[in-house]
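Visitor: I have a new model open and would like to learn how to read it. Where do we begin?

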Amino acid sequence: TNASLTIRDCLFEDNRSGRKVVYDYGDGYVETWWEDANATAAVYARGAPVHIAGTVFRGNDSAEQPWGGIEGGNAGALNLVNAGGSLVERCDFIGNSGYGAGAALIAGGPIELLACRFLNNHGLYNGGAIATAYDWESAYTYYQLYGTEPPPTAVAMENCLLLNNRA
């Protein structure tokens with residue numbers, strides 16, 4: 001493939017974006033929240049195609065704060081932004097959690113997913129397994145160049161299994 005990044009036969013497990021803050025007020029009340037958790041926990045790629053094959057994304061978590069950042073701007077495992085021509089094949093996405101999507105968030109495309117498994121992922125705001133999003137910056141550039149809105153994000157899935165995902 002003509003990819004700018006190739007990830008092959010890797011394991012991304014138990015990664016977290018941001019940091020968990022626990023504040024004890026001393027009166028029995030304890031407050032817990034995430035700070036700086038606006039990024040995707042495992043892989044973020046922007047502006048060029050990637051090729052990911054035979055890789056497992058398990059237990060990654062990106063818990064964006066509901067009051068900060070761009071809602072739906074992250075995913076537990078994989079975030080592809082304006083990365084048209086990307087190929088993700090024979091990958092497992094298991095038990096990931098993210099605000100924008102449990103496993104994968106895709107903005108811009110087209111993206112191809114072949115023989116991938118999405119199992120027990122949890123989207124805290126959008127798609128349990130996969131969600132598509134609108135990339136405002138790229139859309140503005142496209143509009144300036146062509147005088148029209150860009151085409152919607154295209155995701156092709158072939159021989160994929162999606163099981164027990166929830167949003």
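Guide: Begin with burial. Of the 167 residues of the protein chain, 39% count as buried. Keep in mind that this is a predicted model.

Visitor: How many helices and strands are there in the protein chain?

Guide: The protein chain has one helix and 19 strands.

Visitor: What is the mean pLDDT of the protein chain?

Guide: The mean is 84, and 80% of the residues reach 70 or more. Where pLDDT is low, the predicted coordinates should not be read in detail. In this model, residues 66-72 stay under 50. The model gives that stretch 16 contacts beyond four places in sequence.

Visitor: Now the sheets. What holds strands together in general?

Guide: Strands of a sheet pair through backbone hydrogen bonds, in a parallel or an antiparallel sense.

Visitor: How many bridges does each pairing have? Take E1 and E6 to start.

Guide: E1 and E6, residues 50-53, are parallel and share four bridges. Thr6 stands opposite His51 in E6. Next, E6 pairs with E10 in the parallel sense over three bridges. His51 has Leu87 as its bridge partner in E10. Then E10 runs parallel to E14, residues 111-114, and four bridges join them. Val88 has Leu113 as its bridge partner in E14.

Visitor: Which way do the side chains of E10 point?

Guide: In E10, residues 86-89, Ser86 and Val88 point one way. Leu87 and Glu89 point the other way. All four are buried, Glu89 included.

Visitor: What is the strand order in the sheet of four strands?

Guide: That open sheet has the order E5-E9-E13-E17, with parallel pairing. E5 and E17 (130-133) are the edge strands, and each pairs on one side only. Neighbouring strands are turned by 10 degrees against each other on average, direction ignored. Inside this sheet, E9 and E13 are parallel over four bridges. Val81 has Ala107 as its bridge partner in E13.

Visitor: Which residues touch the most other members of the largest nonpolar core?

Guide: That core has 22 residues. Ile52, Phe57, Leu78, Leu80, Val88, Phe93 and Phe118 touch the most other members. E5 (43-46), E6, E9 (78-81), E13 (104-107) and E14 each supply at least two of its residues.

Visitor: What is Phe118 in contact with, neighbours within four places in sequence aside?

Guide: Its contacts are Phe93, Ala103, Leu113, Ala129, Ile130, Met157, Leu161, Leu162, Leu163 and Asn165. Phe93 is also one of the core residues that touch the most other members.

Visitor: Next, cysteines. How many disulfides does the structure hold?

Guide: In general, a disulfide is a covalent bond between the sulfur atoms of two cysteines. This structure holds zero. Cys91 is in no disulfide, and the nearest cysteine sulfur, in Cys116, is 4.8 Å away.

Visitor: One last residue. Where is Asn15?

Guide: Asn15 is in the loop between E2 (11-13) and E3 (19-24). It counts as partly exposed because its relative accessibility is 26%. Not counting residues up to four places away in sequence, Asn15 touches Ala41, Ala42, Gly59, Asn60 and Asp61. Asn15 and Asn96 are 81 residues apart in sequence, yet their C-alpha atoms are 9.5 Å apart in space.

Methods. Residues numbered from 1 in each chain as written. Heavy atoms only, no water. Disulfide = S-S within 2.5 Å. pLDDT = per-residue confidence, 0-100. Contact = heavy atoms within 4.5 Å. Pairing = 2+ DSSP bridges. Buried < 20%, exposed > 50% of the residue type's maximum accessible area, 1.4 Å probe, protein only. Core = buried A, V, L, I, M, F, W, Y, C linked by side-chain atoms within 4.5 Å. Axes fitted to C-alpha atoms, helices over the stretch in contact; angles between N-to-C directions.
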